[in-house]
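Subject: Structure handover

Hi,

My notes on what turned up follow below it.

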Amino acid sequence: MKFRTVYASIVVGDKKFSAAFGLSTGDLVVSEGAKVIEAIKPPDSWLALASLNRGDGWGTRPTTHDLQTFIERYVMRLTVSGS
């Protein structure tokens, strides 16, 4: 079985944040550099992405654009909350 991951990242100052979604597992992993900030399993990962996904994937098949929007909003929340 071939595993496929959708990936997106954002750079804020000197920090790089990324989100990776495993299409075969449904796992959503948010990282800062090499450090995992949060690992979200389905169905929570699907719900997190479904709120952004306007397509037919319903969060289970996000595009790179969906993931890019997710990581941008995630990092914005980190910045606002002071983490």
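Helix α2, residues 64–81, gives the most to the lining of the largest pocket, contributing four residues. Bear in mind that this is a predicted model.

The pocket itself has a volume of about 220 Å³. Its lining is made up of Ile 40, Ala 48, Ser 51, Leu 52, Phe 70, Arg 73, Tyr 74 and Arg 77. By type, that splits into five nonpolar residues, one polar and two charged.

Two of those lining residues, Phe 70 and Tyr 74, also form an aromatic pair. The count of such pairs comes to one. The ring centres are 5.7 Å apart and the planes meet at 40°, so the pair is tilted.

Next, the backbone. Where is the cis peptide bond? It joins Pro 42 and Pro 43, with omega at about 5°. Pro 43 belongs to the loop that runs between β4 (35–40) and α1 (44–50).

Is Ser 31 buried or exposed? Its relative accessible area is 10%, and the cut-off for buried is under 20%, so Ser 31 counts as buried. Leaving aside neighbours within four places in sequence, Ser 31 is in contact with Lys 16, Phe 17, Ser 18, Val 36 and Ile 37.

Now the chain as a whole. The protein chain has two helices and four strands. From the N terminus on, the order is β-β-β-β-α-α. The chain holds 83 residues, and buried ones make up 35% of them.

Last, the surface. The accessible surface of the chain comes to about 5,500 Å². Carbon and sulfur atoms account for 56% of that surface.

Best wishes

Note on methods
Residues numbered from 1 in each chain as written. Predicted model: local features only at pLDDT ≥ 70, side-chain atom pairs only at ≥ 80, totals over all residues. Heavy atoms only, no water. Buried < 20%, exposed > 50% of the residue type's maximum accessible area, 1.4 Å probe, protein only. Contact = heavy atoms within 4.5 Å. 1 Å grid on protein atoms, 1.4 Å probe; cavity = no way out; pocket = protein on both sides within 12 Å on 5 of 7 lines; lining within 4 Å. Points joined across faces, edges and corners; volume = space filled by probe spheres on them. Nonpolar A, V, L, I, M, F, W, Y, C, P; charged D, E, K, R; others polar. Areas by Shrake-Rupley, 256 points an atom, 1.4 Å probe, with all protein chains shown as cover. Phe/Tyr/Trp six-rings, centres within 6.5 Å; stacked < 30°, edge-to-face > 60°.
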